[in-house]
Amino acid sequence: MKEETLDPEDWEGLKKLGYQMIDESIDFLKNVRDRKVWQPIPEETKEFLNLPYPRKPMEMEKIYENFKNHIAKYAMGNIHPRFWGWVIGTGTMSGAMADMLASVVNSNMGGGNHGPALVEQQVVNWAREIFGFPTDSSGLLVTGGSMANLIGLTVARNTMLKEFVRETGLQDVDTKFAYYGSSEMHNSLQKAVEMLGLGNQYLRRIPVDDNFQIRLDLLKEKIREDKAMGIKPLCLIANAGTVNTAAFDNLEELSKIAKEENMWYHIDGAFGALAYISNDNKQLTKGLQLADSLSFDFHKWFYVNFEAGCILVKNKQDHINAFEVHASYLMKHEKGIGSSGSTWFSDYGVELSRNFKALKIWFSFLEHGLDKYARLVDQNIAQAKYTGTLINETEDLELMAPVSCNIVCYRYNPKNRNLTVDELNHLNKNILMTLQEEGIAAPSYTYIKGNYVLRVAIVNHRSRIEDFDLLIEKTIEVGKR
Ligand SMILES: Cc1ncc(COP(=O)(O)O)c(C=O)c1O
């Protein structure tokens, strides 16, 4: 038998190609500002990326050429200084290098006694410290805010319903339960309650005020109403930065209500939690540390390469009780790789096999230090406020929501035209698509009170003030066109 391996025959040749990849990747990022933000994918590339699977090998040099011509060129564009769509972070070159190193050691982060597991534990410890959680709280790195919310809401359900829910599910439970949050909650929370078997209609969406913050009076009223009908309030969800406008609920007041009603208190701080580390805007997050569970993303406002989210849970035992399952093949031993002294991350979430996300965070934090992140968060908020002011001062532009943090929602509305809402919605959608299709800038969009708006969410460490000037100038120019 001739034994085979996937390792190269020519290690030296691979080294040469590796150096070339690093050199060209660094240039690709260094020169990103000179390129269009995004460009439509040509037919040729669509066809190429639809070819059937290969049976025969191809040279690495050729594969890499194809990557450059068909993939890198038509990437999403979120590495560009004028990408502000959805809430999509930028990443860094050192994060990418760390990701490569993580893949080289290729540890399985389900847990165990090895260096990479200690790195993840250290990163979780740092996160705990950064967000004011106690040293005996727990945490887990996950793919993103959606998974973090699912885990937070699962711990909430299992803790409040005690152990029996793991055994019988909701099959033997007569009582109905409700989760509460504002109408501005992210849709990942809906997915979570649906997956937990609680049902979308029991995720109570409480209306918001003019600042898009949850109405506390209406929340209390809904809780009273539910209790009168025999529905048990189980979990209160606060927004630390809503996806539409970056509004922050009153986190301290919500914590009080959760305590009074004996509810679990979860905060979705996917990006907004980061204001907690800022120097000038920390007040937005007053009360963040009061959460029983907190979701946030490293891949948003910590600018870490995808994917990296995190869930922190104040009571470690609640966290373990929600997920730990014993199995002979995962038994812990006194010594060796399966040592009981090490952290088993699979006991804190859904996944057993996990990748080494922690390394790119670890590299980035050590490279820059937390003080720099604090300054960058403030820089992005200052850029949002600058853009808001510019919009207010620009004829034919309207600011559509207060700029309290890093999101700006606006539209073009030529005053002398008296356009209807439908016409304005259509016009602004076309402006947005043109800005993206021409590769000028990539805001995204949403509806605010029935109005289509251009939405600029700034979690970008490459943006400069001149980029926002250009956006405003081009919005007017395209609008007129
Ligand atoms: C407030 C909020 N929560 C949750 C999420 C989901 O996070 P992810 O995309 O990392 O799953 C987002 C994404 O933008 C968000 O803005």
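Helices (H or I, at least four residues) and strands (E, at least two) are DSSP runs, numbered from the N terminus. This is a predicted model: local features need pLDDT of at least 70, side-chain atom pairs count only at pLDDT 80 or more, and totals for chains, interfaces and linings use all residues. Residue numbers start from 1 along each chain, as its sequence is written. The protein chain has two assigned domains, and a ligand is surrounded by 14 residues.

**Domains**

- Domain 1 covers 101–368, and domain 2 covers 371–480. These bounds come from an automatic or database domain assignment.
- The centres of domain 1 and domain 2, taken over C-alpha atoms, are 31 Å apart.
- Across the boundary, 17 residues of domain 2 are in contact with 23 residues of domain 1. Two residues are in contact if their C-beta atoms, placed from the backbone, lie within 7 Å.
- On the side of domain 1 that touches domain 2, 12 residues are nonpolar, nine polar and two charged. Ala, Val, Leu, Ile, Met, Phe, Trp, Tyr, Cys and Pro count as nonpolar, Asp, Glu, Lys and Arg as charged, and the others, Gly among them, as polar.

**Ligand surroundings**

- Of the 14 residues that surround the ligand, the closest are G144, G145, S146, H186 and A270. A residue counts as near a molecule or strand if its C-beta atom, placed from the backbone, lies within 6 Å of it.
- The shell around the ligand holds seven polar, five nonpolar and two charged residues.

**Helices α6 and α8**

- Helix α6 spans residues 145–160 and helix α8 spans residues 187–195; their axes come within 9 Å and cross at roughly 40°. Axes are lines fitted to C-alpha atoms, for helices over the stretch in contact, and angles run from 0 to 180 degrees between N-to-C directions.
- α6 and α8 are therefore oblique to each other. Angles under 35 degrees count as roughly parallel, over 145 as roughly antiparallel, 65 to 115 as roughly perpendicular and the rest as oblique.
- The crossing of α6 and α8 is right-handed. A crossing is right-handed if the near helix is turned clockwise from the far one by less than a right angle, and left-handed if anticlockwise.
- From α6, the contact uses G145, S146, N149, L150 and L153; from α8, S188, L189, K191, A192, V193 and M195.
- Six nonpolar, four polar and one charged residues make up the contact of α6 with α8.

**Helices α4 and α12**

- The axes of α4 (residues 93–105) and α12 (residues 358–368) cross at roughly 140° and come within 8 Å.
- This pair is therefore oblique, and the crossing of α4 and α12 is right-handed.
- In α4, S94, G95, A98, D99, L101 and A102 meet L359, K360, F363, S364 and E367 of α12.
- This contact of α4 with α12 has five nonpolar, three polar and three charged residues.

**Helices α14 and α15**

- Helix α14 (residues 421–437) and helix α15 (residues 465–480) have axes that come within 9 Å and cross at roughly 120°.
- α14 and α15 are therefore oblique to each other, with a right-handed crossing.
- L427, I431, T434 and L435 of α14 meet K474, T475, V478 and G479 of α15.
- The contact of α14 with α15 divides into four nonpolar, three polar and one charged residues.

**Backbone details**

- F306 and E307 are joined by a cis peptide bond, with omega about -10°. E307 lies in the loop between β7 (293–297) and β8 (309–313).
- F212 is a residue other than glycine with a positive phi, near 65°. F212 sits in the loop between β4 (203–206) and α9 (216–228).
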